[in-house]
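User: I would like to know how the labels in this model are decided. Please set each value against its cut-off.

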Amino acid sequence: MKGVTDHLLSVARALADGRLAHARREAELVLDLHLEVLSHLHLRDDDGLRVRRELHLLGRDLLHEVPSRGSVAVGAELFDRLASFGERFSARLFAAALERSGVPAVPVTSSEFVLTCDTFRDAQPHLEQTRQRGRDVLLPLLEAGIVPVVTGFIGATPDGRITTLGRNSSDFSGAIIAHVVDADELVIWTDVDGIYTTNPSESAEALLLHELSYDEAHALAAGGARVLHAKVLPLAAETGMVIWVRNTFNPQARGTRIAAPRSLRDSRTASHESVPAISVSTREDGAA
């Protein structure tokens, strides 16, 4: 669903410029894109009708943000509200795709439990309250064998206003959810085989790093390497969580493993009883 967030932000910019017709076309395009993907999932009749109804309801809420006439007060709060729709659409599609594959799954909107400040477009999560609320939402699903497909990048203020954690925060969203459920591992699926010594698209001498400590990964990030969201490593180090960075488009590749030094010395494969959290990250900040 690459590009959806940009379409949604263009809706906000069009509203700010008073181009209501353009804003509406962009909003309708977002809905149509997700409906088209739904048609390719080939769901059973009842399931297909249910998900289509859910998408149309979300689309109605999105179009409600775009009046047919008049003016709109466009601020950071509206930008966040509009940007949140991409994750909410795609979580429903991804859960439906899992169900189609025989994996029980439900979409969960992270604003139900990710509590943040009211700095719109760059909100900071209140981790302890988020953890308490998130466990009430997610643990019963996991215990019932149901995969929660959680939206990334979205939170809410204590009074329920939608916030976002900023662009490119899918990794951070995944780390927050992993922290909530006490995950042993966080697997971040992105578009490269792992973490390299330098940008592999710019240098033929880039080397793939298979094992890194938290400090080593932090040093690479501080040196300008595109590694992870800055707040992922401190959160993982606090809990001793292992992080894997792997390639969505090359799932056979092992990827890069980031862990405490002691764990790196004993890098046995995690047992089947471990609880993984999976984050899907895109350069456009799509689903997480």
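User: Why does Asp122 count as partly exposed?
Analyst: Buried means under 20% relative accessible area, exposed means over 50%, and partly exposed is in between, with a 1.4 Å probe and protein chains only. Asp122 has 42% relative accessibility, so it counts as partly exposed. This is a predicted model, in which local features need pLDDT of at least 70 and side-chain atom pairs count only at pLDDT 80 or more, while totals for chains, interfaces and linings use all residues. Residues are numbered from 1 along each chain as its sequence is written, and side-chain values use heavy atoms, with hydrogens and water left out.

User: Where is Asp122, and which residues is Asp122 in contact with, leaving aside neighbours within four places in sequence?
Analyst: Asp122 is in the loop between strand E1 (105-108) and helix H5 (127-143). Helices (H or I, at least four residues) and strands (E, at least two) are DSSP runs, numbered from the N terminus. Contact means heavy atoms within 4.5 Å. Leaving aside neighbours within four places in sequence, Asp122 is in contact with Thr164, Leu165 and Gly166. Val245 is 123 residues from Asp122 in sequence, and their C-alpha atoms are 24 Å apart in space.

User: What makes Arg121 partly exposed?
Analyst: Arg121 has a relative accessible area of 38%, so it is partly exposed. Arg121 also lies in the loop between E1 and H5. Its phi is positive, about 75 degrees, although Arg121 is not a glycine.

User: Is Gly155 buried or exposed, and how do you know?
Analyst: Gly155 has a relative accessible area of 0%, so it is buried. Gly155 belongs to strand E3 (residues 154-156). Beyond neighbours within four places in sequence, its contacts are Ser111, Val114, Thr116, Arg161, Ile162 and Thr163. Asp118 is 37 residues from Gly155 along the chain, and their C-alpha atoms are separated by 9.8 Å.

User: What makes helix H6 largely enclosed by the rest of the structure?
Analyst: In helix H6 (residues 170-180), 11 of the 11 residues are buried, so the helix is largely enclosed by the rest of the structure. Among the buried residues are Phe172, Ile176, Ile177 and Val180.

User: Why is Asp182 called partly exposed?
Analyst: Asp182 has 42% relative accessibility, so it counts as partly exposed. Asp182 is found in the loop between H6 and E5. Asp182 is not a glycine, yet its phi is positive, about 55 degrees.

User: How do you know that both faces of E5 are covered?
Analyst: On one side Glu185, Val187 and Trp189 are buried, and on the other Leu186, Ile188 and Thr190 are buried. For strand E5 (residues 185-190) the count is 6 of its 6 residues. In E9, 5 of its 6 residues are buried.

User: How do you know which strands E9 pairs with?
Analyst: Two strands pair if DSSP finds at least two bridges between them. E5 and strand E9 (residues 242-247) run parallel and are joined by 6 bridges. Ile188 has Val245 as its bridge partner in E9, and Thr190 has Asn247. E9 also pairs with strand E10 (residues 256-259), in the antiparallel sense over 3 bridges. The bridge partner of Val245 in E10 is Thr256.

User: What makes the charged end of Arg88 sit over the ring of Phe85?
Analyst: A charge sits over a ring if NZ of Lys or CZ of Arg is within 6 Å of the ring centre and within 35 degrees of the ring normal. The charged end of Arg88 is 4.4 Å from the centre of the ring of Phe85, and it sits over that ring.

User: Where does pLDDT stay under 50?
Analyst: pLDDT is the predictor's confidence in each residue, from 0 to 100. It stays under 50 over residues 268-272, where the model has 1 contact beyond four places in sequence. It also stays under 50 over residues 282-288, where the model has 32 contacts beyond four places in sequence. Where pLDDT is low, the predicted coordinates should not be read in detail. The mean pLDDT of the protein is 90, and 91% of its residues reach 70 or more.
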